[in-house]
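Please look over the sequence and the coordinates before reading on.

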There are 2 protein chains.
Amino acid sequence: MDNYMPILNKVKLFEGLNDKDIISVLNCFDVKIRRFKSGEYVYRISDSVSSIGILLSGGIYVQKEDYWGNLNILAEIRPADLFAEVFACLNNNKITYDVLSYKDSVVMFFDVGRVISMCTSSCPFHALVIQNLLMVLAEKNKKLTQKLSCISQRNIRQKLLYYLASYAENSKREFFEIPFNRQQLADYLSVDRSAMCRELGCMKKEGILDYKKNRFVLYKN
Amino acid sequence: MDNYMPILNKVKLFEGLNDKDIISVLNCFDVKIRRFKSGEYVYRISDSVSSIGILLSGGIYVQKEDYWGNLNILAEIRPADLFAEVFACLNNNKITYDVLSYKDSVVMFFDVGRVISMCTSSCPFHALVIQNLLMVLAEKNKKLTQKLSCISQRNIRQKLLYYLASYAENSKREFFEIPFNRQQLADYLSVDRSAMCRELGCMKKEGILDYKKNRFVLYKN
DNA sequence: CACCTTTCGTTGCAAATACAACATATATTA
DNA sequence: TAATATATGTTGTATTTGCAACGAAAGGTG
């Protein structure tokens, strides 16, 4: 286990715990470790899931075939990332996608029921792990809500303004920088890159905003 | 408090608890009750939030002014609904919108820190409340993810197919029913109703699907 | 039934967008 | 520095979409 310490330190579920604490938590919660060959499925759609997956090494795709049989990759899981945590927290815990190990992987399974129910446990880090779990879910929630608000805007201009305004609001200076390049931004907003560039150009002409690369200014009037 | 029992029974945080259990939980967690006049703010944007709000009576809007000063109502909270639970679960707990009591309201505040930290408490319902809280967050998460996948589709046809397929997959019969009327569906997909109706008409002509009112059939070939 | 209201479907048209193809600018590497 | 790769910007065109307006169908009510 010790050789996974650098990864375990990055796991959000263990934030605030030092190496010794983490070891103690792992023992206390009786985690399982499993190895998966490249191409092996960790979960198949509609499997019941009661433990959070933590990827220690390798690589995993969260994917799903649509109604007509086309494969879609929904997320790529990297070492230290959690997966299936949403279903592990639900009563109806049937997972709604496939989880595929696309490299040889090592996965740690963390039982949620055990985390919740062991209130009388003597493990002093219990509360912190629960809090971390709540934070992971809440943070994801916040991000999803933000993105949804953004994408729900009815045209490219509104989407851009909504997105940029969220940075403008938090910026102390007149300008601010965004973490996406143009293609990534277009993907995030679910629009075509060139159409988005055109709209940016128009808005610059109209004096609504200014930009150079990732640095933007948003004018109020 | 007894007169609020019918409401408290509907609160998801207390699911699985009977009346007596709920009373005991309320005592154990030392909830606060506050009344708000119509027009009074429960939270202002960037307030620090450490407790979950539960609306017992009245009505609340979750709202926000955008960068240019236009007001947007993001959600309407009704009795038995939770609010601000996401921020209460975060470390950076500054709320990102205003919470306005638009009627005379009675609100119960439920401290999250207390829920998490009181592992040694003798309250036997502790674990259940935590589990319920996790479930509330996880369920919201799942719904947001579904909606986001749907809206991220690049045109109305794809959005419709994605939405309908999720029902088709779970349906035992050849047909299935959706819970929205046309306007609600259009709002959910973030598109214009008439444009959506047109697309539905086209797809029916092309033999991709069939429908009458809320009852749909989705053909595979 | 007659009347009203709401929902659903249709269509013309203007506007917005995706797509494709290419030009320019910036960054990376030899 | 030159060569190459990557990112950004531009534009023409076909398609898609929003909007507005209206008629048909369905549902509710006296």
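A nonpolar core is a set of buried Ala, Val, Leu, Ile, Met, Phe, Trp, Tyr and Cys residues joined through side-chain atoms within 4.5 Å, where buried means under 20% relative accessible area, exposed over 50%, and partly exposed in between, with a 1.4 Å probe and protein chains only. This is a predicted model, in which local features need pLDDT of at least 70 and side-chain atom pairs count only at pLDDT 80 or more, while totals for chains, interfaces and linings use all residues. Residues are numbered from 1 along each chain as its sequence is written, chains are lettered from A and ligands numbered from 1 in the order in which they are written, and side-chain values use heavy atoms, with hydrogens and water left out.

The largest nonpolar core has 106 residues, and the members that touch the most others are A:Phe14, A:Ile54, A:Phe110, B:Phe14, B:Ile54 and B:Phe110. In soluble globular proteins, nonpolar side chains tend to be buried together. Taking contact to mean heavy atoms within 4.5 Å, and setting aside neighbours within four places in sequence, B:Ile54 is in contact with residues that include B:Val11, B:Leu13, B:Phe14, B:Leu82, B:Phe83, B:Val106 and B:Phe110.

Chain A has 221 residues, of which 47% count as buried, and its C-alpha trace spans about 60 × 45 × 35 Å along the principal axes. With helices (H or I, at least four residues) and strands (E, at least two) taken as DSSP runs numbered from the N terminus, chain A comes to eight helices and 11 strands. Of the contacts in chain A with a separation of 6 or more, 68% are between residues 24 or more positions apart.

How is chain B laid on chain A? When the copies are superposed by least squares on the C-alpha atoms of residues with pLDDT of at least 70 in both, a turn of 180° and a shift of 0.0 Å along the axis give an RMSD of 0.1 Å. That is the relation of a two-fold axis. The same surface serves both copies, since 100% of the contact residues of chain B recur in chain A.

Sugar and phosphate account for 58% of the atoms of DNA strand C that come within 4 Å of the protein. Among the polar contacts, which are pairs of N or O atoms within 3.5 Å (within protein, one must be able to donate a hydrogen and the other to accept it, and residues adjacent in sequence count only if both atoms are side-chain atoms), a polar side-chain atom of A:Arg198 lies 2.6 Å from a base nitrogen of DNA strand C, and a polar side-chain atom of B:Arg182 lies 2.6 Å from a phosphate oxygen of DNA strand C.

Around DNA strand D there are 17 residues, with A:Arg182, A:Tyr211, B:Asn155, B:Ile156 and B:Arg198 nearest. Here an N or O atom in the side chain of B:Arg198 is 2.3 Å from a base oxygen of DNA strand D, whereas a backbone N or O atom of B:Asp192 lies 3.0 Å from a phosphate oxygen of DNA strand D. Helix H8 (193-205) of chain A and helix H8 (193-205) of chain B each supply at least two residues of the surface near DNA strand D.

How values were computed. Near = heavy atom within 4 Å.
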